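Subject: Structure handover

Hello,

Here is the structure for your files. My notes follow below it.

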Amino acid sequence: SIYEMFGNECCLSTGEVIKVIGFKINKLIASICENNEVSQFSAKVELPLNFPGLYQVVADKTPYVSIEEITRKVFIGPTRFGHPCFYSPEDIKLVNLTIKHGEQIIFNSVEEVNGTMAVNCGVVRNNQSHSFTLPLSQEGKFYECEDDQIYTLKEIAEWKIPKCRNRIVKLSNTLRMWNSSNPLPENFDGCLILTPVYEVQAVMKFRKDIVHILSDLDVEVKDITDCYDISSFLQPLSLEDVFERTSKEFPMVAEIMDGPSGNQKPYNLLYTGKEIIIYKKYQATRVLASEIRSDSPKRHFLIPISYKGKFKRRPREFPTAYDLEIARSEKEQLHVVATKAFDSPHKELFSVSVGDQFLVQQRQTSEVLYEGRRKVIDALACEQILSDTYKKVLLPMYMEGGFVEVIHDKKQYQLSEICKEFRLPFNVKVSVRDLSVEEDVLAAVPGLQFEEEITDSYLLISSTSSPVESWEIPVYRLNMSIHLLSKDVQMVVPPATKTTVEEISEQQYYMMRRYENQALHPPPRPPKKPT
């Protein structure tokens, strides 16, 4: 049988031995959903996994009948997506714990306990986590819990579609316009039923790449696993697989089986068949930055702290007085100009005109007369700058106005200095480009907002043929497969590391903002006008 694979002909001869290493959703067939059923007026449309938007998963109403069925059909793994939640309509009595009906059970991992396969689970009660195991033989009805997270289609395909089931999703947010014609109805914001179309991932005896075979290919096969030495095949590893290895196993030599797409360096150097040295795994800090512009789409970047360019400050904009309170610091006084007028309903608080200038002081309370009664509200103490003097005024914290920062600081800063001395978000522009790289992508951007520092997982690699420099490659954003070679590493100490600014897609940006720094709670909403 001869078929075309990504534009190349691939031949499956009679008697060819293939080792299946996995199944992967290749695309999704979507139908518009009404009342959890396919709409009779809906035509099926094909959605690629990179179709834009963020989606909420609708809990499956069909129960699972045992823990074994859940482990067979649902993805349970070490990543943040691999912890599905279920509940039982009946109490589950264990030796030291009773799981109440309707209580959310978190499935963390599958492991062997005293010779029996079981799922390591947890419940949260009064902010306390309680761990326990459920054997695969445990029977009953188990229903999916509601999921309030949002996902891309790719994440849903990889983690949130159980085997042998469809998935209903609700469109939560459209990120950007689709480049080609949109297959969904205009302004669609309803639910879709997603039916996966799979591809088989396999390795063949005399090929060093991973073969992707569509599941509807008309080929007859026979299972010979029990009578064949499968150790003679290559063992593909993802970057996540490599990162999970112990630090003692590094450095290692590997050959790329499936290279990443993209022209950005160093990804364009990581082609199929290339041999690389993987020196170590580690966590590294990046600054998440976005282009400052009024129209969309904005460009987004991950900037290493070692970036050698310099920045000058750019004015920040503040929509409310509450934002001024958040932005003020002890290091320097915040000087702003009002861009929007505000009439205060209380004589004790100041009315603002366009062009008024203020030095922000501190938060305090103020007593105001409201409908004949005295009320205490939060206010922001400022000094209004007049032609020859300063006037102390109070701005209501709930004031929805508009302010632009006045910059007096002409100093040029390294990125590390900004992270150390100022609170993010922080607006800048490149004043001196990074001369250590051929092309500094940040230099052409008129303005940047540094949004937050994040920590991400990286592998340090170099080429075996010319190890003159090493690169950091992200573990969770680079789709690449390798297999290890039984070769000694000639250079145990890595050459000089070339850290690069990474431009990320809009979807990757939203995923970063959603999941990074989850321990940090957002600031409280600004106070409301007294009622």
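In which sense do strand E21 and E22 pair, and over how many bridges? Strand E21 (residues 275–291) and E22 pair in the antiparallel sense, over 5 bridges. (Two strands pair if DSSP finds at least two bridges between them; strands, E, at least two residues, and helices, H or I, at least four, are DSSP runs numbered from the N terminus.)

Some ground rules. This is a predicted model, in which local features need pLDDT of at least 70, side-chain atom pairs count only at pLDDT 80 or more, and totals for chains, interfaces and linings use all residues. Residues are numbered from 1 along each chain as its sequence is written, and side-chain values use heavy atoms, with hydrogens and water left out.

Overall: the protein chain has 6 helices and 35 strands. Of its 531 residues, 44% are buried (under 20% relative accessible area; exposed is over 50%, partly exposed in between; 1.4 Å probe, protein chains only).

Back to E22. In strand E22 (residues 300–304), 5 of the 5 residues are buried, so the strand is largely enclosed by the rest of the structure. Both faces are covered. His 300, Leu 302 and Pro 304 lie on one side, Phe 301 and Ile 303 on the other. Leu 288 stands opposite Leu 302. E22 also pairs with strand E35 (residues 502–504), antiparallel, over 3 bridges. There, Ile 504 is the bridge partner of His 300.

Next, a sheet. It is open, has 6 strands and runs in the order E7-E14-E8-E11-E12-E13, with antiparallel pairing. Strand E7 (64–66) and strand E13 (128–135) are at the edges with a single partner strand each, so one side of each has no neighbour in the sheet. Within it, 7 bridges join strand E11 (residues 105–113) to strand E12 (residues 116–125).

Last, the cavity search. (On a 1 Å grid over the protein atoms alone, a cavity is a set of points where a 1.4 Å probe fits but cannot get out; lining residues have an atom within 4 Å of a point.) The largest cavity holds about 100 Å³ of space; volume is the space filled by probe spheres set on the points, which are joined across faces, edges and corners. Its lining has 13 residues, with Pro 266, Tyr 267, Glu 472, Thr 500 and Glu 502 nearest the centre. Strand E32 (residues 470–474) gives the most to that lining, 3 residues.

Regards

Conventions
1 Å grid on protein atoms, 1.4 Å probe; cavity = no way out; pocket = protein on both sides within 12 Å on 5 of 7 lines; lining within 4 Å.
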